[in-house]
Amino acid sequence: MDLLTLLDPTQQRPFALLRREGAAHIEIFTGDVTSVERLADIPLPDGRPGPATLALVPYRQITERGFACVDDGTPLECLAVRAYGEVPLAAALALLPGTPEQARDGGFDISDEEYAETVGAVLRDEIGHGEGANFVVHRTFTARVDHPLRAALAAFRRLLTRERGAYWTFLVHTGTRTLVGATPERHVSVEDGLVMMNPISGTFRHPDGPAEREELLEFLADPKEIDELYMVLDEELKMMATVADHGGQVVGPYLKEMAHLTHTEYLLAGRGSRDVREVLRETMFAPTVTGSPIENAFRVIARHEERGRRYYAGVLALLGHDAEGRQTLDAPILIRTAEITPDGLLRVPVGATLVRHSTAAGEVAETHTKAAGVLAALGLRPAAAPRQGTESGVQLSADPDVRAALTARNDRLARFWLDERGPVATQPSAPRALIVDAEDTFTGMLAHQMRWLGHHVTRRPWTDPGPLDGFDLVVAGPGPGDPTSPDDVKMRAMREVITARLRGGRPLLAVCLGHQLLCGLLGLDLHRRDAPYQGLQREVDLFGRTRRVGFYSTFTALCSAGALTTPYGPVELARDPGDGAVHALRGPAFAGVQFHPESVLSEDGLAVLADLLKALTEVPAVH
């Protein structure tokens, strides 16, 4: 393949250039570009091994799943790979332009002050009102260039030589647009039946000059940064619960060191058998660029951004087959990426993850830091000062204290998700459980744990729970929203499920939102916390035994006594001795927990769940 001809800025032939992390060569793809409506329509013909299609998946594709979105009409474009080749990195650098194109009229579409106001509104009105644990809100740096493809080629070269630690460094030219970037994050990949995801979160902004060890250790001990990574880890474990046959195993954490910043990351791995296009659909999109719980995050984003995201937070997806004919997928997140239109409009979108610890000033600064690498490659910002250490950043990650700080993050996490697990054979006579999902796919993780504990499990959405009588146990699951709302259709539906089980004396377990609704039906007062318990790990007294569990809640039930008489029988409460918050309750044929036993934050969650299920499924029906 003639790279020199391909890189002629006047040519219009679609192509893509890709360097994967650590590779000593550039991959080159050429072919024809078409647009398709659905992920299922991405071409993946049987045939020769290797890459078949490179898909540019826009954010608006989430409309396939019926989730909220400001639909800007950005197309799902597919480059059907007709020719593929590799060029040594040094040879490619010699051919790429070394001088950046001059850009003009640069600046963010939303000012620092306006972005800070949005941060405050999300913290106050969304996280503070129980709508979720974390949300990502973006802003976009825009500028203009006179020679779009030449500008992208020069930026690609600079990213290759100046950025570090990128999962993919790439340039994709379709004729209708050019994308160039260095994304740190694999979203999802499939190879040899192994599904992998790579949640990255927490941002350490390098000081001027080499990053100092003491500052990095302070960052690794920062509760805000720790919680931020734990929350996206939980959210991607929810996705793995859907696309991997037995859920995901957690590996890590590690450092992801780049030129301007360092992140912390985990790897998730699990065996799966789905079509890779289904894997893409079920994992739209990464919580690191949206939020959690995922479905409500899209509503929050639409409310506060009020404009489309184009390709930001979507994915590039390279689909193909291996030598044995099995499907393959490699799909990084479209972040740290510039989109340039044929008329020279340049866009670099960036976002910050907002959690309960966030400050407006800190999140504004984070967006500037995240944009710095691509803007420097485009000649719009100074390049980062050279840092000591190898390209892979071995120096910092090899420090014994740094390694110890990373390892310590797992000390109080749930071993269920950290240890390797094989399939479990459920006996035909095992209890049959129904989980009613209230829009939080924590229910997928809960289902895996319940199957591990010997139950046959069915999941249904709250919009269609169906008949309940055929199940030995019903779980009223978690979800976002205000449990005190009398008019919310979801709350009414979930109350109906809980009430039906209570009146029938049939076993019921209620988790988080389900627990709050159960408490309300039992006559307890519900209270919105002044400081949300979103992604919070606590030791609590559960009926005389101390358990370490993870909370994702803004509301809680309150009670001044440890026992309660109800129309459904006596109820025992596990309460916070300080404020009377009800962490858990149990009655004759029902139980509820405010925390998430399935969360990676619940070190003792599996043991708690096992005790609850044993008690409930051994309780005879109450008539």
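What pLDDT does the chain average, and what share of the residues score at least 70? The chain averages a pLDDT (the predictor's confidence in each residue, from 0 to 100) of 90, and 95% of the residues score at least 70. This is a predicted model in which local features need pLDDT of at least 70 and side-chain atom pairs count only at pLDDT 80 or more, while totals for chains, interfaces and linings use all residues. Residues are numbered from 1 along each chain as its sequence is written, and side-chain values use heavy atoms, with hydrogens and water left out.

**View 1. The stretch of residues 389–394, where the pLDDT is below 50.** Beyond near neighbours in sequence, residues 389–394 have 8 contacts (heavy atoms within 4.5 Å) in the model. Where pLDDT is low, the predicted coordinates should not be read in detail.

**View 2. The packing of helix α6 (residues 223–243) against helix α13 (residues 442–452).** Helices (H or I, at least four residues) and strands (E, at least two) are DSSP runs, numbered from the N terminus. The two helices pack at an angle of about 65 degrees with their axes 7 Å apart, where axes are lines fitted to C-alpha atoms, for helices over the stretch in contact, and angles run from 0 to 180 degrees between N-to-C directions. From α6 the contact is made by Asp234, Leu237, Lys238 and Ala241, and from α13 by Phe442, Gly444, Met445 and His448. These contact residues divide into 4 nonpolar, 2 polar and 2 charged, where Ala, Val, Leu, Ile, Met, Phe, Trp, Tyr, Cys and Pro count as nonpolar, Asp, Glu, Lys and Arg as charged, and the others, Gly among them, as polar.

**View 3. The cis peptide bond from Gly252 to Pro253.** Omega of this bond is near 5 degrees, and Pro253 has its place in strand β12 (residues 249–257).

**View 4. The cis peptide bond that joins Met284 and Phe285.** Here omega is about -25 degrees, and Phe285 lies in the loop between α7 (276–282) and β14 (291–292).

**View 5. Asp192, a residue other than glycine with a positive phi.** Phi of Asp192 is near 55 degrees, and Asp192 is found in the loop between β9 (186–191) and β10 (194–197). Most residues other than glycine have a negative phi, and most peptide bonds are trans.
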